[in-house]
Amino acid sequence: MDIRFSADRPQDADVIVVPVGKGGADAASMPIEQSKTVAAAASSARFEGKPGQSFSTYAEEGGKTVRVLLVGTGKDSFDRAGGTIAAQLLTTGAKHAVLIADGLDGDAASDMAYGAKLRSWRIDTYRTTLKDHEKPSLETLTLAGAKDGAEDRWTRLGAIAEGVAFTRELVSEPANIIYPESFVERARAKLEPLGVTLRVLDEPEMEKLGMNALLGVSLGSEKPARLLALEYMGGKDGEKPLVFVGKGVTFDTGGISLKQPQGMEDMKWDMGGAGAVAGAMTAIAGRKAKTNVVGICGLVENMPDGRAMRPGDIVTSMSGQTIEVINTDAEGRLVLCDALHWAQETYQPDTIVDLATLTGAMLISLGHEQAGCFSNNDGLADRLIAAGEQSGDPLWRLPLGKAYDKLLDSPIADMKNVGPRSAGSITAAQFLQRFIKEGVKWAHLDIAGMAWSDKDGPVWAKGATGFGVRLLDRFVADNYEG
Ligand code: BES
Ligand code: MN
Ligand code: ZN
């Protein structure tokens, strides 16, 4: 679905979308011929203009019968109202909707376009038997009479939506299609044209660097691991970049500590952290942010095999710290610890943020409403939480502390890769913190409950949500482009 802008209503529009604020439909201000009837019908159907609410009917307009869709806008939820437009119209046969935007301020209008764009994304690659009437019909949403600034703002929001779409694509694709090498190639095709430089480490290079924790996870897989760095230098020459790191386990069987079959197919999205990083880089580069950012993806497949790592094996990470691998299903932290160490050695960042579908325990603590945020720095945590609130990717802070850290001590190596069953998300974060250098501001976002949704949301259809992209983009915009 494309977004367009025009001064007047396009002749070929087959839907007129009217935004309606609190108080419900008001015939006097509704810019359609049969406003009285439509307003009365809406109010009798209990349409009150609340965010997420909509009312659809048909009316005579310019001698034709057209669909009229009233959408409730609320105060700060124009993206959500836009999402409602897409959800209501996407497969209804409507082709061209016109949003009457002259009563909205520029920001609100562009936010509605943004929400509609986000909500309209879907992946039909593997549906070969879709009937015509099941396919998306809505091709265009035109904003008619949008105020100054709306189109400029849309240029930026459109780039972010593109990033969200890229993350959803990577996350939705199955593991026979997206594995470390193919992830890199998709990222190359998407990001090089935006001015991003790719740096790719293969297994021999990682071996030389001593990344035995990351490589240990990959031992059972036929698919070679990759470490991918996406370098976007839109800021001052020589200024240290902000660094994002993502867990990119393209499939997580658990390895020798094999997962149960039920739900294992979900582990195709265990690269959701890396997917979010790639999508955020798409957004940031796409809107030409004036700052330096590097996104790093640790890409590995976790499989059981004769060559796979065993429980009890001890690996030496790139940092030199040794890890007793008690459970091969706690693989994400093994990938991240080497990626985080390499990131700090290579880019000397002041601030580093990692994203990972790291622990099932996250679903127990926060469910599917917010991601967990762990940080060694209160200011950083506050800035991320604020960006989350603003962008629609909410975070909730969880604690770190010495007593939790101690749970990882091993009788034979520097640490174990798992603690006891309790506080599983926190001990996972403690494990990562052992690889953060003195003075580096670090935050870890456990997005295990957020990367995928079993039900439709305001700006996503069920499936991959693209969580993290809007958050990271907002975090950059608010703190690194001043
Ligand atoms: N990728 C999983 C975590 C996960 C589970 C994400 C469910 C999304 C949904 C991770 O690699 C894992 O297996 N973690 C284990 C850790 C345990 C062995 C300490 C877990 O959460 O059970
Ligand atoms: Mn696992
Ligand atoms: Zn995993």
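Modeller: A nitrogen atom of ligand 1 lies 3.4 Å from a polar backbone atom of T357. Please keep in mind that this is a predicted model.

Colleague: How much of ligand 1 does the protein bury?

Modeller: The protein buries 77% of the 520 Å² that ligand 1 exposes when taken alone.

Colleague: Which residues come nearest to ligand 1?

Modeller: There are 16 residues around ligand 1, and those that come nearest are K259, D270, D329, E331 and G360. D270 places a polar side-chain atom 2.8 Å from a nitrogen atom of the ligand. D252 also takes part, with a polar side-chain atom 2.9 Å from an oxygen atom of ligand 1.

Colleague: Let us turn to the metals. What coordinates the zinc ion (ligand 3)?

Modeller: The zinc ion (ligand 3) is coordinated by K247 through NZ, by D252 and D270 through OD, and by E331 through OE, at 2.0 to 2.4 Å. Along the chain, these donors follow the spacing K-x4-D-x17-D-x60-E.

Colleague: Where do D252 and D270 sit in the fold?

Modeller: D252 belongs to strand β9 (residues 242–252), whereas D270 is in the loop between β9 and α8 (272–286), so the pair ties together parts that are 18 residues apart in sequence.

Colleague: Is D252 buried or exposed? And what about D270, buried or exposed?

Modeller: D252 counts as buried because its relative accessible area is 2%, under the 20% limit. D270 is likewise buried, at 2% relative accessibility.

Colleague: And which residues are the protein donors of the manganese ion (ligand 2)?

Modeller: D252 contributes OD, D329 contributes both O and OD, and E331 contributes OE, lying 2.0 to 2.2 Å from the manganese ion (ligand 2). Their spacing in sequence is D-x76-D-x1-E. As for accessibility, D329 is partly exposed at 22%, while E331 is buried at 1%.

Colleague: How far apart are the two ions, and which residue bridges them?

Modeller: The zinc ion (ligand 3) and the manganese ion (ligand 2) lie 3.2 Å apart, and D252 bridges them.

Colleague: Why is the arrangement around the manganese ion (ligand 2) irregular?

Modeller: The six donor atoms around the manganese ion (ligand 2) subtend angles of 72 to 167°, which makes the arrangement irregular. Around the zinc ion (ligand 3), the six donor atoms subtend angles of 79 to 174°, and that arrangement is octahedral.

Colleague: A change of topic, then. How many salt bridges does the structure hold?

Modeller: It holds 32 salt bridges. In one of them, the side chains of R186 and E169 meet at 2.7 Å, N to O. That pair links distant parts of the chain, with R186 in helix α5 (residues 180–191) and E169 in helix α4 (residues 150–172), 17 residues apart.

Colleague: What does D350 form a salt bridge with?

Modeller: D350 pairs with K240, the closest N and O atoms being 3.8 Å apart. D350 is in the loop between α9 (332–347) and β13 (351–356), and K240 is in the loop between β8 (226–233) and β9, 110 residues apart. D350 is partly exposed, with a relative accessible area of 45%, and K240 is partly exposed at 48%.

Colleague: Which residue meets D252 in a salt bridge?

Modeller: The side chain of K259 does, at 3.8 Å, N to O. K259 is partly exposed at 25% relative accessibility.

Colleague: And which residues are linked in a network of salt bridges?

Modeller: D405, K406, D409 and R434 are linked in such a network.

Terms used: Residues numbered from 1 in each chain as written. Chains lettered and ligands numbered in written order. Predicted model: local features only at pLDDT ≥ 70, side-chain atom pairs only at ≥ 80, totals over all residues. Heavy atoms only, no water. Donors = N, O, S within 2.8 Å, 3.2 Å for Na, K, Ca; no water. Tetrahedral: all angles 85-135°; square planar, octahedral: opposite > 155°, others 65-115°. Buried < 20%, exposed > 50% of the residue type's maximum accessible area, 1.4 Å probe, protein only. Helix = DSSP H or I, 4+ residues; strand = E, 2+ residues; numbered from the N terminus. Near = heavy atom within 4 Å. Polar contact = N/O pair within 3.5 Å; in protein donor to acceptor, adjacent residues only side chain to side chain. Areas by Shrake-Rupley, 256 points an atom, 1.4 Å probe, with all protein chains shown as cover. Salt bridge = Lys/Arg side-chain N within 4 Å of Asp/Glu carboxyl O.
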